[in-house]
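Subject: Structure handover

Hello,

Here is the structure for your files. Please open it next to this message; my notes follow below.

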Amino acid sequence: MEMKFRFLGGADAIGRMGMTMEGSDGKMSLFEYGMAPTKPPEYPLEAPRINHVFLTHSHLDHCGMVPRVCGRDNCELFTTPLTAEVGEIMMNDSLKIAKSENNPLPYTKGDIDRTMKNVVPLTFGDTIELNKLDIPLHSAGHIPGAAMFEIIGDTSTVYSGDIHTINTKLVGPARPVDCENLFVEGTYGGRIHPPRKETEDAFLDKVAEVTDRGGRVLIPCFATGRTQEMMMMLRNTGYDMWVDGMGRSISRLYMNYPEYLLDYKKFKAAKRVFQEVRNPNMRSLSAKGEVIVTTGGMLDGGPVLGYLRELGKNPKNAVLLVGYQADDTNGRMLMDSGSVMMDGEPIKIECEVQKYEFSAHADHEQILDFVRECDPKNVIFMHSDTRELFESELKGDYNVMLPKLGEEFSLDV
Ligand SMILES: [Zn+2]
Ligand SMILES: [Zn+2]
């Protein structure tokens, strides 16, 4: 059957995802509705009236605007229970940030509550039956709880969300799904990750070097996924280690969902060796720790700034950046100029700064392998500002589609 699709955001860019799928019966589904937490934030195009929402995972660029639709249209939200729980924390936090920065509020607390009431919790292997479509969920290998949706009508279509195709410390890989139409992310178009093991070894060697010289290691991390990945990596090192910020609450949530973790026992062990900063008073202790893993990942907010102010003065210490640093963030500024903005003033950071590549996304070659193994007729690239680079390698074998923002196109589903 023919379905109409339209990207509301995140087609040719990373951030603020959103895509509608409309059947001949006029029923409208929405795949994700996210935001880019830039200053000011960027939102997708306004969504039409929606009947159902599908959410792959709880990163803000995918979930941040879901309450605007689920709150307004009171529609069901299909996702894993872990994504729903973490998503609720992220949505509340972005509302809090919007208030504190005096930005117009995209939705209310009531919208978030209505969204949560509309969650239909599903897990990998479950199938949604909807308007003559069967929609099973598959693991996306990106962060715990992240799903891909397969849409089976007359033929089969896969919507990948964000994927990784190798084992990380937290989750196993996404498996290819035979399909006719493949919507796939292309974050790392044109880029190849260094071998994971080499990066892990270099990172752990650096932590050892800094602590040996009497320094402390500050690891700014995204709350969801990266914080826990770092805890897993550091769990056997024996340092005096602390975890602070929203990453701490999300680690607690992960404990309730062993089925979404590659190795629950190891995660439990990791959680045990990290001391938690439960209230601001404890920061007088944690700031004296050897290793501090804390939110936020791009140094734009959260407890990390307090630590940086303190630890950044001493050349013996080190800041190890382990995640993506967007343009116009403190993290990027630190990499480019060695300074960060604090209370409106540039502050020179005197300690060592290093960057490590621990991506939760498949790289260029891994995406090409994934496409070839799914072997679709049509492959639609999204979530990428370099997606043309895939087209040149795949055209001839596949019908590569690079839909523009707002452009409507049809597929047999
Ligand atoms: Zn993501
Ligand atoms: Zn994403």
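Start with helix 6, which is mostly covered: nine of its nine residues are buried. A residue is buried if 20 or more other C-beta atoms lie within 10 Å of its own, exposed if 12 or fewer, and partly exposed in between, with C-beta atoms placed from the backbone. Helices (H or I, at least four residues) and strands (E, at least two) are DSSP runs, numbered from the N terminus. The buried set in helix 6 is Arg226, Thr227, Gln228, Glu229, Met230, Met231, Met232, Met233 and Leu234.

A word on the source. This is a predicted model, in which local features need pLDDT of at least 70, side-chain atom pairs count only at pLDDT 80 or more, and totals for chains, interfaces and linings use all residues. Residues are numbered from 1 along each chain as its sequence is written, while chains are lettered from A and ligands numbered from 1 in the order in which they are written.

**Helix 6 and helix 7**

Helix 6 (residues 226-234) packs on helix 7 (residues 246-254) at an angle of about 75°, and their axes are 9 Å apart. That makes the two roughly perpendicular. Axes are lines fitted to C-alpha atoms, for helices over the stretch in contact, and angles run from 0 to 180 degrees between N-to-C directions. Angles under 35 degrees count as roughly parallel, over 145 as roughly antiparallel, 65 to 115 as roughly perpendicular and the rest as oblique.

Helix 6 brings Thr227, Gln228 and Met231 to the contact; helix 7 brings Gly247, Ile250, Ser251 and Tyr254. Contact is defined by C-beta atoms, placed from the backbone, that lie within 7 Å. By class, three of these residues are nonpolar, four polar and none charged. Here Ala, Val, Leu, Ile, Met, Phe, Trp, Tyr, Cys and Pro count as nonpolar, Asp, Glu, Lys and Arg as charged, and the others, Gly among them, as polar.

**Helix 3 and helix 4**

Helix 3 (residues 81-100) and helix 4 (residues 109-117) pack at about 175°, with axes 10 Å apart. They are therefore roughly antiparallel. On the helix 3 side are Ala84, Glu88, Met91, Asn92 and Leu95, which meet Lys109, Ile112 and Met116 of helix 4. This contact has five nonpolar, one polar and two charged residues.

**Helix 11**

Asn330, Gly331, Met333 and Leu334 are buried in helix 11 (residues 330-337). Seen down the helix axis, the buried residues fall within an arc of 165°, so they line one face of helix 11. The arc is that of the directions from the helix axis to the C-beta atoms. They pack against strand 12 (217-220), strand 16 (318-321), strand 17 (339-342) and strand 19 (352-355). Glycine 338 follows helix 11, and its phi is positive, near 75°.

**Cysteine 70**

Cysteine 70 sits in helix 2 (residues 66-73). It counts as buried because it has 27 C-beta neighbours inside 10 Å. What does cysteine 70 contact, leaving aside its neighbours within four places in sequence? The contacts are Val53, Cys75, Leu77, Arg114, Thr115 and Asn118. Lysine 117 is 47 residues from cysteine 70 in sequence and 9.5 Å away in space, C-alpha to C-alpha.

**Backbone points to check**

Most residues other than glycine have a negative phi, and most peptide bonds are trans. These are the exceptions I noted:

- Lysine 39 and proline 40 are joined by a cis peptide bond, omega about 0°. Proline 40 is in the loop between strand 3 (28-33) and strand 4 (52-54).
- Threonine 295 and glycine 296 are also joined by a cis peptide bond, omega about 0°. Glycine 296 is in the loop between strand 15 (291-294) and helix 10 (304-311).
- Lysine 132 has a positive phi, near 65°. Its place is the loop between strand 7 (127-130) and strand 8 (133-139). With 12 C-beta neighbours inside 10 Å, lysine 132 counts as exposed.
- Aspartate 328 has a positive phi, near 60°. This residue is in the loop between strand 16 and helix 11. Aspartate 328 counts as exposed, with 10 C-beta neighbours inside 10 Å.

**The whole chain**

The chain has 13 helices and 22 strands. Of its 413 residues, 49% count as buried.

Best wishes

How values were computed:
Contact = placed C-beta atoms within 7 Å.
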